[in-house]
Amino acid sequence: MSRIAVFPGSFDPFTVGHESIVQRALPMYDKIYIMIGFNSKKNSFFPVEKRMEWIQKTFEHEPKVEVRMHEGLTVDFAKNVGANFILRGLRTSADFEYERAIAQMNKKINTQVETVFLLTMPEHTPINSSIVREIFAHGGDINEFIPAVLKDCLAR
Ligand code: ADP
C-alpha cells in the first residue's frame, strides 16, 4: 500500500517554512498532495490560481508532489485521493493548541486518517504567511521568506 499524505493550508503565500516541511516529509511518503484550501466567500490576499502556480513551480522537479485546490473539508479531500495522513507543521505552542483541536476533530470525522506533525526548523519559526503578506503589502522585500525558485515571481 502506498503512503499518501495531504499537506493542507492556505499558503497565502507559500513560504520557505512550508517548503521545508514538504522536503523533510518526502522520504516518509510515496506521494504528497499539497492542498490549497480556499473559501470562495472569503477574500484571500494572493489569488488561489497564483498560489497554485507558485507551489507547482517550487516542486516542478519533484514527481512525488502534486498541488491541488480544494474548497471543503481536508478529510474529504484526503478520502478522495486515498490519503491516510494529514501533514502539518508546528512552530510554537500556539500552533500546537490550534493544531491539536483540528487534528482531534478530523480524527472524529474520519478515524482512518492520522495527522502527522513536523516541528519547524528553528530558523523558520518566525516565518508566517500573514507577516510575509504584510511586508509585501507595504513594499518590503520578501524574497528571503519564499522558496528560492520563486525569487522575484512575486515582484509587483
Ligand atoms: P492554515 O491557514 O491552514 O493555518 P498555513 O498556510 O498558514 O495554513 O499553514 C499550513 C501549515 O504549515 C500549518 O500546519 C502551519 O502550522 C504550517 N506552517 C506555517 N508556517 C510554517 C513555518 N514557518 N514552518 C513550519 N510550518 C509552518
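Start by selecting Asp12 and Arg133: their side chains meet in a salt bridge, 3.9 Å from N to O. Keep in mind that you're looking at a predicted model. Asp12 sits in the loop between β1 and α1, while Arg133 belongs to helix α5 (residues 129-137), so this pair ties together parts that are 121 residues apart in sequence. Side chains of opposite charge can pair when their charged atoms come close. If you search the whole structure for salt bridges, you'll find nine.

Stay with Asp12 and show the backbone. Is the peptide bond from Asp12 to Pro13 cis or trans? That bond is cis, with omega near 5 degrees. Pro13 is in the loop between β1 and α1. Now step back to Phe11, also found in the loop between β1 and α1. Phe11 isn't a glycine, yet its phi is positive, at about 50 degrees. For context, most residues other than glycine have a negative phi, and most peptide bonds are trans.

Next, bring up the ligand. Select its shell and you'll get 16 residues, the closest being Ser10, Phe11, Gly89, His124 and Ile127. Color the shell by type: five residues are nonpolar, seven polar and four charged. Then color by secondary structure, and pick out β1 (4-9), α1 (16-25), β4 (85-90) and α4 (93-109), each of which supplies at least two residues of the shell.

- Gly89: a backbone N or O atom lies 2.7 Å from an oxygen atom of the ligand.
- His18: an N or O atom in the side chain is 3.3 Å from an oxygen atom of the ligand.
- His124: a polar backbone atom is 2.9 Å from a nitrogen atom of the ligand.

Finish with a surface on the protein. On its own the ligand has 550 Å² of accessible area, and the protein covers 87% of that.

Methods. Residues are numbered from 1 along each chain as its sequence is written. This is a predicted model: local features need pLDDT of at least 70, side-chain atom pairs count only at pLDDT 80 or more; totals for chains, interfaces and linings use all residues. Side-chain values use heavy atoms; hydrogens and water are left out. A residue is near a molecule or strand if one of its heavy atoms lies within 4 Å of it. A polar contact is a pair of N or O atoms within 3.5 Å; within protein, one must be able to donate a hydrogen and the other to accept it, and residues adjacent in sequence count only if both atoms are side-chain atoms. Accessible areas come from the Shrake-Rupley method with a 1.4 Å probe; for residues, only the protein chains shown count as cover. Helices (H or I, at least four residues) and strands (E, at least two) are DSSP runs, numbered from the N terminus. Ala, Val, Leu, Ile, Met, Phe, Trp, Tyr, Cys and Pro count as nonpolar, Asp, Glu, Lys and Arg as charged, and the others, Gly among them, as polar. A salt bridge is a side-chain nitrogen of Lys or Arg within 4 Å of a carboxyl oxygen of Asp or Glu.
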